[in-house]
Amino acid sequence: MHKIILFLLLISSTLLVKAQINVEPSFWWSGMAETELQLMVSGDRIADFTTSVTSENISIKEVVTLENRNYQLIYLDLTGAVPESFDLVFTNGKKKITVPYELKERNPERLAIESFGPSDVLYLIMPDRFANGDPSNDQIAMRTEYKVDRDNPNARHGGDLKGIADRLDYLSDLGVTAIWLNPVLENDMEGGSYHGYATTDYYRVDPRFGSNEEYRNLISDAHEKGMKVVMDMIFNHCGSDHPWMKDVPSSDWFNNLEEYVQTSHMKEMYFDPYASEYDKSRMVDGWFVPTMPDLNQRNRHVAKYLIQNSIWWIEYSGVDGIRQDTYPYADYEMMVEWIEAVEKEYPHYNIVGEAWLNNPIGTAFWQKGSPLNPNDTQLKSVMDFRFMSLSHSAFFEETTEWNGGLHSIYDHMTYDFIYPDIYNVLRFLDNHDTDRFLKKYPEDLSGWKQAITFLLTMPGTPQIYYGTELLMNGNKSRSDGDIRRDVPGGWPGDKSDHFAREGRDTLQNEAFDFLRKLLHWRKGNEVIARGGMKHYVLQKGVYVYERFLGDEKVLVVMNGTSNDVEINLDRYAESLQGLSSATDFLSGKTLPLGDRLTLSPKEVLLLQ
């Protein structure tokens with residue numbers, strides 16, 4: 001890994017000392033668009049040493065010593081660099097430390113990364129809870145104590161990268177085109193930090209999930225099966241057991257280090273015309289929780305470290321996109337700088353930012369090109385949390401003539417005008433931080449099928465949460481673990497295997513087949529991925545909308561009531577355009593389209 005222990009000898013009058021030196025990143029590449037490389041070096045009083053390099057193609061632009069003499073920041077100029085190995089040489093009087101370093105040749109495939117977008121469907125996996133492919137890495141030696149206990153919803157359960165790799169065929173068969181993994185980097189935190197959002201090493205996959213190489217191989221294997229991978233990153237904070245917290249580099253490395261200040265979580269202050277400076281500072285500089293200290297991205301060295309780290313992971317692993325956690329909590333200007341740096345290296349890259357706001361106007365503020373925002377974020381993709389929260393009731397409650405149920409979905413869609421790029425809005429029913437779409441195991445699938453159909457046919461980029469196809473359910477009020485349950489069959493010795501058809505019950509197989517059919521239909525469907533939308537004010541509790549592109553179109557009809565409903569079709573003439581019949585993709589039946597259409601309770605039709 002990137003911790004280098006050197007055992008050296010006494011040669012001539014120079015003492016080559018034995019030392020433990022940590023250099024991050026442990027290697028880099030020549031030929032990058034950005035020619036400045038930051039090396040963060042840590043070791044006992046390393047700042048007392050002067051630094052040189054043995055390469056004729058590389059020069060040192062700057063060496064920065066921090067308040068803590070155990071750190072040194074080296075800025076290299078790689079303008080004329082070529083792939084090579086060279087030495088970093090640290091000298092203090094007669095003491096000399098030599099650290100080998102390598103610039104690798106850049107992989108040309110990285111420049112061609114297309115990233116994810118509206119043609120994809122993202123499948124979100126919490127690695128600790130999906131499948132345990134390698135039980136030998138469950139309980140291993142770490143710096144902090146933890147237990148693996150599947151009976152404890154807040155403990156680690158043992159899921160890992162091999163468990164995911166072993167089920168890539170399952171995911172491919174289901175029809176997903178991209179996999180978003182919750183963070184996989186080291187979380188060496190007391191108690192285990194199974195969720196991954198308290199990083200303690202930015203350059204190391206948590207060994208309880210696997211290795212860096214296993215992560216890279218997982219991405220390569222996913223690519224071979226036609227699937228992309230999205231990496232979850234966190235710039236706002238690290239974990240409280242990160243070495244930086246044990247040996248703080250400088251007093252301005254973190255915000256509010258001397259006295260704990262809790263963030264207000266009031267993200268609206270960015271566009272609130274009445275916001276106080278006090279509230280702005282508390283929102284950005286306050287800590288997310290006591291175990292997640294707030295990094296100060298206004299410190300140029302912190303900013304450079306984080307930006308460079310994300311580029312390292314893209315270049316090293318070939319990961320296809322990034323989801324950035326707690327996006328508005330980090331420094332605004334630094335995040336703009338970060339996106340520009342990523343796009344400088346990877347012009348077609350997509351980043352989705354978690355800006356959790358419950359109003360689409362507030363969400364749209366964060367998207368690139370928003371006329372609402374005088375200081376463009378450059379953020380290509382945002383997340384539609386408002387749709388998520390509405391969906392939990394809209395598809396289950398009764399839709400009346402004037403309100404309830406699908407009326408809220410219609411109303412929500414009228415606000416899509418506010419987004420500069422509706423196709424790069426991530427739409428979802430649930431994720432790892434929300435109630436499951438299903439709070440309990442359903443008696444029937446009518447509301448679930450309507451929600452799935454709408455999610456996969458509305459404009460935007462859909463995301464589904466692992467286990468949706470298995471009718472996994474849960475309520476956050478019980479615990480976070482209740483919405484992050486293990487998938488039965490993912491662990492050796494499980495009594496049932498929900499990854500296999502024979503291990504699922506009848507209702508689960510009906511749900512799996514329904515979702516699978518829609519996912520495969522959506523794959524490569526440009527009408528849904530890139531087409532326009534037209535919808536109609538509800539009639540008798542029935543919602544009708546059209547997706548169209550050129551001469552192709554799809555018409556979706558949803559009965560939001562628990563009764564048989566007969567609707568007049570004349571009001572939809574501009575979408576039907578004289579069609580006398582159409583085939584419902586979901587049932588395979590051909591339906592006559594005369595003056596009227598009768599729908600059964602909670603029926604959904606997808607007419608081609």
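This is a predicted model: local features need pLDDT of at least 70, side-chain atom pairs count only at pLDDT 80 or more; totals for chains, interfaces and linings use all residues.

Biologist: Good. Are R208 and D206 buried or exposed?

Modeller: Both R208 and D206 are buried. Their side chains meet in a salt bridge, 2.9 Å from N to O.

Biologist: How many salt bridges does a search of the whole structure find?

Modeller: The search finds 37. One of the pairs is K344 with E34, whose side chains meet at 3.2 Å, N to O. That pair links distant parts of the chain, 310 residues apart. K344 is in helix α8, residues 332-345. E34 is in the loop between β5 (28-29) and β6 (36-42).

Biologist: And why does K344 count as partly exposed?

Modeller: Because its relative accessibility is 44%. E34 counts as partly exposed too, at 30%.

Biologist: What about D513 and R501?

Modeller: Those side chains meet in a salt bridge at 2.7 Å, N to O. D513 lies in helix α13, residues 506-522, and R501 in the loop between β21 and α13, so the pair ties together parts twelve residues apart in sequence. D513 counts as partly exposed, at 32% relative accessibility. R501 counts as partly exposed at 42%.

Biologist: Which residues are linked in a network of salt bridges?

Modeller: R143, E186, D188 and R204 are linked that way. In general, side chains of opposite charge can pair when their charged atoms come close.

Biologist: Let's switch to the fold. Which strands close into a barrel?

Modeller: Eight of them, in the order β12-β13-β16-β17-β18-β19-β20-β21. The pairing is parallel. From one strand to the next, the twist averages 25°.

Biologist: Zoom in on one pair. How many bridges join β13 to β16?

Modeller: Four, and the two strands run parallel. β13 covers residues 178-181 and β16 covers 228-233. L181 stands opposite M231 in β16.

Biologist: What lies across β20 and β21?

Modeller: Helix α12, residues 446-457. The helix runs at about 145° to β21. For reference, β20 is 425-428 and β21 is 461-465.

Biologist: Now α10. How many of its residues are buried?

Modeller: Seven of its ten, so call this helix mostly covered. α10 spans residues 385-394. The buried ones are F385, F387, M388, L390, S391, H392 and A394.

Biologist: What do they pack against?

Modeller: The buried residues of α10 pack against β19 (381-383), α11, β20 and α12.

Biologist: You mention α11. Where is H412, and is it buried or exposed?

Modeller: H412 sits in helix α11. H412 is buried, because its relative accessible area is 4%, under the 20% cut-off.

Biologist: What does H412 touch?

Modeller: P360, D384, R386, F387, L390 and R427. That leaves out residues up to four places away in sequence. F387 and L390 are among the buried residues of α10.

Biologist: And F417, buried or exposed?

Modeller: Exposed, because F417 has 63% relative accessibility. F417 is found in the loop between α11 (406-413) and β20.

Biologist: Which residues form a nonpolar patch with F417?

Modeller: I361, L372 and Y415 form the patch with F417, on the surface. Together the four have about 400 Å² of accessible area.

Biologist: Jump to the other strands. What's up with β4?

Modeller: β4, residues 19-24, is mostly covered, with five of its six residues buried. Three bridges join β4 to β6, and these strands run antiparallel. N22 stands opposite S42 in β6.

Biologist: Last one. Which residues make up the covered face of β28?

Modeller: L597 and L599. R596 and T598 are on the uncovered face. β28 covers residues 596-599.

Biologist: How is β28 joined to β25?

Modeller: By four bridges, with the strands running antiparallel. β25 is residues 565-568. V565 stands opposite L599, which is in β28.

How values were computed. Residues are numbered from 1 along each chain as its sequence is written. Side-chain values use heavy atoms; hydrogens and water are left out. Two strands pair if DSSP finds at least two bridges between them. Axes are lines fitted to C-alpha atoms, for helices over the stretch in contact, and angles run from 0 to 180 degrees between N-to-C directions. Contact means heavy atoms within 4.5 Å. Buried means under 20% relative accessible area, exposed over 50%, partly exposed in between (1.4 Å probe, protein chains only). Patches are made of residues with over 30% relative accessible area and no salt bridge: like charges are joined within 9 Å, nonpolar side chains (Val, Leu, Ile, Met, Phe, Trp, Tyr) within 5 Å. Accessible areas come from the Shrake-Rupley method with a 1.4 Å probe; for residues, only the protein chains shown count as cover.
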